[in-house]
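Dear colleague,

Please find the structure below, handed over for your use. My findings follow directly after it.

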Amino acid sequence: MPGLEDLYREIILDHYRSPRNRGDLPVPPATKAEGFNPLCGDEVVLYLDIDPDTETVRDVKIDGQGCSISQASTSMMSAAVKGKPVDEARKLIRAFKALMSIHESKLEGESDGSDLTAELEGVRLGDLEALQGVVKFPVRIKCATLAWNTLQQGLDERESVDA
Amino acid sequence: MTEVLDVSRVKADFPIFERKVNGKPLVYLDSASSSQKPRSVLDAMEHHHRHHYANVHRGIYTIAEESTAAYEGARAKVAKLLNARATSEIVFTKNITEAMNLVAYSWARKNLGPGDAVVITEMEHHANVVPWHILVEERGVELRWIPITDDFQLDLTDLDRLLDGAKLLSVTAMSNVLGTLNDIRLLSDAAHAAGALVNVDAAQAVPHLPVDVQAWDADFVGFTGHKMLGPTGLGGLWARAELLDAMPPFLGGGEMITDVRFDGFEPNEVPWKFEAGTMPFVEASGLAAAIDYLSALGMDAVRAHEKQLTEYTLRALEERFENRLHVHGPRDVDQRGGAISFLFDRIHAHDVAQVLDEDGVCVRASHHCAKPLMRVLGVPATTRASLYVYNDESDADALVESLAKAEKFFAI
């Protein structure tokens with residue numbers, strides 16, 4: 001039986017108590033994305049300032065409310081993608097979902113996930129790995145992934161506007 | 001305090017309390033969501049399966065007749081429990097959600113049109129909200145809301161205006177979130193004076209207090225079996241006989257007809273007119289046993305026990321957490337039942353429930369299918385502990401201890 005310490009690792013509680021990158025950015029030029037988990041009322045608001053010349057996440061700010069897992073995950077995500085190229089941020093999204101045992105390529109029935117493993121080789125999750133314990137608490141996985149789905153949504157929206 | 005129920009004996013009747021969760025005794029405080037089952041209910045269903053399992057109202061053979069007698073016997077027990085005028089006033093449904101939809105799809109579709117108003121309240125469960133939203137979209141019915149006060153009661157200041165020209169008042173007898181008990185007789189009198197009928201969501205009332213549909217002077221009352229020690233899959237609607245007679249069928253199929261031709265059908269008599277297809281008759285035997293169990297305890301004693309225990313729990317929460325924990329519901333136990341919703345200032349409802357689970361304490365953390373109410377309260381979710389016949393002070397103590405642990409764990 002997994003215990004509380006598996007779920008609420010110290011680094012998670014630290015991000016929950018002292019969230020990084022809290023605030024907002026002027027839109028535009030920043031992109032704003034909102035994620036909502038209607039079942040528990042978790043809410044993530046994300047502001048992304050992406051440098052169009054270098055395709056790099058120049059700045060990121062977060063807002064919202066919710067449980068410790070959703071808010072800590074949002075804070076950790078913001079710290080992980082700030083300063084990173086957009087490509088790398090997208091890789092992190094896939095790597096994080098894989099950490100949460102969400103293998104989207106498998107769902108399409110075309111891959112056993114080995115392509116993903118190859119693609120994600122070298123992607124370093126760092127502190128984010130502390131969230132792996134969430135997998136043992138299936139109802140909380142959606143709390144942990146909300147920030148990452150919101151990031152994906154923000155990046156997709158920006159690209160569709162640019163296109 | 002003097003015990004109105006011998007809870008240790010009651011608890012011994014529920015096999016699930018023999019198990020442990022995370023090595024600790026099961027502290028079940030989620031009965032407002034669904035209750036546990038006594039051995040007699042489990043035995044009644046097994047007996048039905050083993051001894052006279054056959055479809056009801058179908059076979060001309062001994063066990064089919066026994067099965068039918070058990071099913072109709074369960075209906076009679078429900079009728080007696082609710083003080084219906086006749087057994088035929090009880091329609092079995094899948095649950096109370098289906099009962100509310102039966103009122104909406106059968107009675108309201110026949111009787112309501114554009115501009116006709118349905119009055120509900122801000123403390124309703126989605127089962128008594130969404131069917132009316134559907135009618136608003138489908139036929140332009142107007143939906144009006146009775147607001148709630150700062151002390152979690154219905155705000156009846158504008159009741160006459162809200163009821164003016166309304167065709168139906170649909171209201172909960174007890175809020176599944178706040179625990180608030182509404183004065184159904186007062187509301188019925190006001191609605192009837194305005195020419196409206198009254199539909200009561202009694203999902204939280206029937207399991208916990210004496211309910212008398214005639215004393216309420218209601219027109220429709222819905223209930224569900226699984227919250228009152230019975231099995232899942234079976235609830236029902238009580239309605240005045242003349243209303244049921246005039247209502248068109250809801251679901252079409254077997255049993256609900258007297259004749260089917262190439263060019264149409266004749267519906268069956270009530271209540272079978274509304275019971276299409278094979279009904280959960282084994283579960284009806286379970287529900288009958290549940291009613292026997294509750295009746296043996298006495299609904300007055302059930303209510304008195306929960307009132308005492310609610311007072312004990314509220315006081316324990318206040319003494320331990322003072323103003324750091326907020327109970328969303330009336331403080332006076334005369335005005336409320338044993339569904340206790342609360343929030344710490346800065347700890348999310350889900351985090352609290354997660355810590356409690358480690359101690360075997362089962363509570364609900366969610367919007368409780370009452371999102372309009374959550375919007376009024378200005379919170380995304382609450383944690384709810386709800387009490388029943390098998391809970392005692394040790395459960396309340398375990399809740400408080402585990403909450404203290406959660407508060408310490410998430411201290412900011």
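**Chain A: order of elements**

Read from the N terminus, the elements of chain A follow the order α-α-β-β-β-α-α-α-α-α. That makes seven helices and three strands in chain A. Please note that the model is a predicted one.

Of the 163 residues in chain A, 33% are buried. Among contacts in chain A between residues at least 6 apart in sequence, 70% link residues at least 24 apart.

**Contact between the chains**

Chain A contributes 12 residues to the contact, and chain B contributes 13 residues. On the side of chain A that touches chain B, six residues are nonpolar, five are polar and one is charged.

**The nonpolar core and chain B**

The largest nonpolar core has 162 residues, and the members that touch the most others are Leu169(B), Val200(B), Ala202(B), Val221(B), Ala284(B), Ala290(B) and Val352(B). Helix 10 of chain B, residues 281-297, gives the most to this core, with 10 residues. For Ala284(B), the contacts beyond four places in sequence are Ala70(B), Tyr71(B), Ala74(B), Phe92(B) and Leu234(B).

Helix 12 of chain B spans residues 349-358. Nine of its 10 residues are buried, so helix 12 of chain B is largely enclosed by the rest of the structure. The buried residues of this helix include His350(B), Asp351(B), Gln354(B) and Glu358(B), as well as Val352(B). Val352(B) is also one of the core members listed above as touching the most others. After helix 12 of chain B comes Gly360(B), with a positive phi near 75 degrees.

With kind regards

Terms used
Residues numbered from 1 in each chain as written. Chains lettered and ligands numbered in written order. Predicted model: local features only at pLDDT ≥ 70, side-chain atom pairs only at ≥ 80, totals over all residues. Contact = placed C-beta atoms within 7 Å. Nonpolar A, V, L, I, M, F, W, Y, C, P; charged D, E, K, R; others polar. Buried ≥ 20, exposed ≤ 12 C-beta atoms within 10 Å, placed from the backbone. Helix = DSSP H or I, 4+ residues; strand = E, 2+ residues; numbered from the N terminus. Core = buried A, V, L, I, M, F, W, Y, C linked by C-beta atoms within 7 Å.
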